[in-house]
Each structure stands twice: as C-alpha cells, then as structure tokens.
Amino acid sequence: MSAEEASLRDLLFGATEKSDRRTDSESARFAETSHIPENAAPEIRVLLYRLFRKTQPFYVTDATGALLCCSESFTRISNRFMDGLDTLVDLVTSARMAGGEIRRSDCFDDQGTQRHFSSTHFPIYSDQGTLLGFGGVYEDVTRQVETAQKASHIESWFQDVVRSSSDWVWAIDHNYNLSFVSPRISEILGEPPQSLSGRHLFAMGDFTADDPLASRTRQDMEVRAPFRGRHFVLKLKSGEERHVHLSAVPVFDDDSGAFRGYRGTGTDITLRVQSQEIIEASRARLEDTYAELRRRNEELRISLDHAKVSESTKLEFLAMMSHELKTPLNSIIGFSDAAIHRVHGPIVGPYASYFENIHTAGRHLMGIITSLLDMASLERQSPTIHPNKEAVEHLIEEAVQLADPGAHANDLDLSGLLPKTDLWVYCDHLRARQILINLVGNAMKFTPAKGKIGIDVETRPEGMVAITVWDTGIGIPSDKLPRIFEKFYQVEQNIPSRGGAGTGLGLSISRHLARLMGGDLTVTSIQGKGSRFTLTLPGESSGRTA
Ligand code: ADP
C-alpha cells in the first residue's frame, strides 16, 4: 500500500466516529465495494463514505454497466443477487433496452427478516445526450408491504365472514347511496351488486310506518345516530316485498370528522313476518269462530231454557191432568166394581158384562195414568229413596200377589213365581215392589197361553242380589233390546198376549228406580223363546246399610 493510499485511509477511516469505526479489513472491503472514486479529494471521500453508509441502497455504473459507486446498503442487497434476484448486469441491460426507467419490486431475506424493496433503474445521459452510465435507487417498502398484506388479510377475512353470514352487510355514503352490498342482498333482490351500487337507500324501500321505532329511523339518521333492528320493507322489481331488520353505525372521516355514511347489517325477516301474518289471520279466524260458537252457544242456551220451560210446563201439565183424571177414574173403578159385585142389587141383561168392561178399561187407564204420574215426578225431581233391609222372599210374594197372576192361573204355568230364599236386600220397599210388579206384569202380558213364568234369586259378586223374572213368551228381537229401557218405547209388532197395550214407560221408570237404589235392571231375551229381566239390589254383604 502506497503512502498516499495509507494517508487516504487514515483520512477516510481514522476520522470516523467511534460508532462508525470498523476493522481494517471491513473498511477496506467497503472502500473497495462501494467504489468511492480513488481520485476524489479526501474530504469528499469522507463525506461520501458517511453518506453512503446512511442512505437507502443506490448504485451508479458507467455506460458499460461496471459499478462506479454504491451505498453500503446496496452492497448488502447485491450480495443477495446470487439468490435469484436480477443481477446488476440484468438491471442495466433492462434499463438500456427499455431506453428509460424500469421498476422492480424485490424481496429478500435480511438476517432472518423479510425485507421488501421497490427500485427504479434508469440510464444517465450527459447534457449532450451521451449515455454516461446507469443508476438505480431502492426504497425499503417493507412496512408498506406488510401493512398492505395485513389489510388484504383483513379484507379476505371480512369477505369470508360476509359470504358465510346469513345476514346482509351493506354501506351507504353520506348521500345515503349504496357503496357496498354483500352478495346475499343482490341474490335476494335478483340484481347484481354492481347495479345496486350507487342506488339510494330509500329508492329501494323504507322503514315501516307500522312500527313506531322503525318509523323514526330517518330522523335518527339525520342526527347520525346508530340504530339497531329497525324494520325495513324492501320493494323488489317483481312487486314483492321483503322484510329486513336493519342495524347500522355512522362512519366519520378519521381526520376531518366529516360524516361519511353508514355501515351495517340486515337480517331477512320475511318468513317471520309472513308466519306472523298467517298466525294473525288464523287468530282472527279463530276469534271469529269462537265468537260464532259463543253466539250459537247462547242461542242453544236460550233454546234449552225454552225447552226446559216447555218440558217442565209439559210435565206439570201431565202431573196435573193425571191427578185430575185419577179422581173420576177411581169413582168409575169403584162403582163398576160395586156393580159387578151387585152391592146395590141385581143387574139385568147385558149390563153385567158392560160393567166388567168398564172396570177392566178403568183399571187399565189407571195403570197408564199412574205410570205417567210416576214418570213426571221422576223427571221433575229424583224421588226420595228410603232404603231398608227387606226379605227378598217377602218382597216377591207381595209383588206377585199385587200383579194378580190369578187371572191367568189357568192358561199359564206360574209354579216358579214364588221361590224359597232367605236372602235380604237393602231397598226402598215400595219402589222395589213397584219394579217387580212391572216385571211380573210384563211377563204375563207377553207370554201366550201354555207358557211359563217364574222368578229366580241368586247372589252376585260384590254382595249384590239378583232377582230374575223370566218367561217363555214372545221375547224381544236382539236389535230392539238396546232401546227397551227408553221412555215410551214399545217393540213394534210385539203384540201383548193379554192385558192390552201399555205406555212404554214401565221399564224406563223401573231401571231409573233400580239405579237410585244402588242396583240395576238388565235384560236378556231371545225372540220367540222368552225373556229374562234381572233386578240387582245391594245384598246384606254389599257393605250397604239401611
Ligand atoms: P209397556 O209394557 O207398558 O209397553 P214397558 O216399558 O214395561 O212398557 O215395556 C216396554 C216394551 O218392552 C213393551 O211394550 C214390550 O214391547 C217390551 N217388553 C217388556 N217386557 C217384555 C217381555 N217380558 N217380553 C217381551 N217383550 C217385553
């Protein structure tokens, strides 16, 4: 190394600040690689060295592309040329071919960190237009690139959210013109997002006036207030309506604070609104039906009241008439009986048979009237039952006697009518006897000559006692059996063999009374073979007491 060179080096490197101090080999290498002109004045070299260490990467070449000088930072970049970046020769060649400025964006790994550079490479001409060389300057844009990457990451994250969200995302500018709509809105409106952009919010629909909160949204927007869940009705081109809940916040310029518009979301509530409408309509229909039902009910109640009044009037009339009829009828029966028995002297001619007819007809009428009276009093109020412990054998004896089977003793076998039994029942004596008289009377009425009637007694489960009045009479057709206990029901073509027509009330009254006493009245019958009517009453072991 010459003395001149050494002094230059001293000048160059001996005067550097401590922080800039380098080892000899480093500074020598730098002096070499930075190509500081050797013939430059030492002060200039110091200045250039300081400058070259501090500035962004740059380089200058001669017209052939040979490096004349460069900044320290460029030497670091140029080390990376080996890693696939354009070499200096490549850059100069490209600038030469382009005849002007070319731009590059490069990225390289600087001691473990990624650094991004934007560079410009250009030819340098003399005033006369002669090509002197080439220059290039680099700008470290790592931060900008990272910011842009972050922004694009956020943007794609936002797009994913918008795409996957069932809600709408929208934005309007300060004039309320749409500046952004998510694809879902355009799907529903059937228009591409581009055609919606720029459309005025209120040209697409409006907040509903039906909801007080929604209807004041326009005023809220005038004062730039945020709003949430406001019912907005969108009018589609097809004329249909879509219902949306809109929420949004105002946007202001970061620097000036000027109003920039609104950003928000929307939820399609059309289905909910439609279901609500259906529910409302159904409820209205239900209410109408309910009102109609109530009206009908009221009508029915009034009719029922009328019916009750007329029924009770009818029953009262029946009771009164029956009672009124009974008095003269008793006289007729009494006088005809007296005449038959010649109480007041002999009767001549056919008058004897007349009196017998009068007597029979009178008793028959009396039976009907008694039944009617019974029925009327049962319907008006339940008769009071006085249960007592009664001997079944005694009850049957009395009933048979009163039913007067003696009249048919000759043509019916009555041998089974008085069974021996020591069973007891709890019942109202008179009512139980009345039932048995009715059953024995019917058996005699509906059994032809040579037939047989009788009574069986047996115990039943749960302490009940069954008294069955049976006959071998005409029986009852099976399809008529279920109606046999109805009021006034008589089996058609069920011609009684004796005793005249009845009222069709006896069995109805009997079953009613049997049930009042805690028992029942049932029937089994075979047409042409006979019938069995069974009266059940609580027995001694039934747990009942008198
Ligand atoms: P009534 O005997 O006064 O007609 P009931 O209520 O006692 O009224 O009987 C109703 C009907 O049941 C009778 O008209 C008759 O058709 C039928 N019936 C009742 N008992 C018998 C019986 N033992 N055999 C056949 N039919 C009977």
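Helices (H or I, at least four residues) and strands (E, at least two) are DSSP runs, numbered from the N terminus. The protein has 15 helices and 18 strands. The model is predicted: local features need pLDDT of at least 70, side-chain atom pairs count only at pLDDT 80 or more, and totals for chains, interfaces and linings use all residues. Residues are numbered from 1 along each chain as its sequence is written, and side-chain values use heavy atoms, with hydrogens and water left out.

Of the 546 residues, 38% are buried (under 20% relative accessible area; exposed is over 50%, partly exposed in between; 1.4 Å probe, protein chains only). Contact means heavy atoms within 4.5 Å. Among contacts between residues at least 6 apart in sequence, 57% join residues at least 24 apart.

Strand β6 (residues 168–172) is mostly covered, with five of its five residues buried. W168, W170 and I172 lie on one side of β6, V169 and A171 on the other, and all are buried. Two strands pair if DSSP finds at least two bridges between them. β6 pairs with strand β11 (residues 259–268) in the antiparallel sense, over five bridges. W168 has G266 of β11 as its bridge partner. Strand β7 (residues 178–181) also runs antiparallel to β6, joined by three bridges. Here A171 is partnered by F180. β6 and β7 form a hairpin with five residues between them. Y176, in the turn, has a positive phi of about 70 degrees.

Y176 also belongs to a cluster linked by ring pairs, together with F202, F207, F227, F232, F252, F259 and Y262. Rings of Phe, Tyr and Trp (its six-membered ring) pair if their centres lie within 6.5 Å; planes under 30 degrees apart count as stacked, over 60 as edge-to-face and the rest as tilted. By this rule there are eleven aromatic pairs. F207 and F227 have ring centres 5.9 Å apart and planes at 85 degrees, so the pair is edge-to-face. This pair links distant parts of the chain: F207 is in strand β8 (residues 205–207) and F227 in strand β9 (residues 227–235), 20 residues apart. F207 is buried at 8% relative accessible area, and F227 is buried at 4%. The rings of F259 and Y262 are likewise edge-to-face, with centres 5.8 Å apart and planes at 70 degrees. F259 is buried at 14%; Y262 is buried at 0%.

Five strands form an open sheet of mixed pairing, in the order β13-β15-β16-β18-β17. β13 (413–416) and β17 (520–526) are the edge strands, each pairing on one side only. Neighbouring strands are turned by 20 degrees against each other on average, direction ignored. Axes are lines fitted to C-alpha atoms, for helices over the stretch in contact, and angles run from 0 to 180 degrees between N-to-C directions. β13 and β15 (residues 452–460) run parallel, joined by two bridges. D413 has K452 of β15 as its bridge partner. Helix α13 (residues 392–403) packs on the sheet, touching β15 and β16 (464–471). The direction of α13 makes about 155 degrees with that of β15. Helix α14 also packs on the sheet, touching β15, β16, β17 and β18 (530–538), and its direction makes about 25 degrees with that of β16.

Helix α14 (residues 429–445) packs against helix α15 (residues 506–516) at an angle of about 145 degrees, with axes 10 Å apart. Residues in the contact include I435 and L439 of α14 and I509 and L513 of α15.
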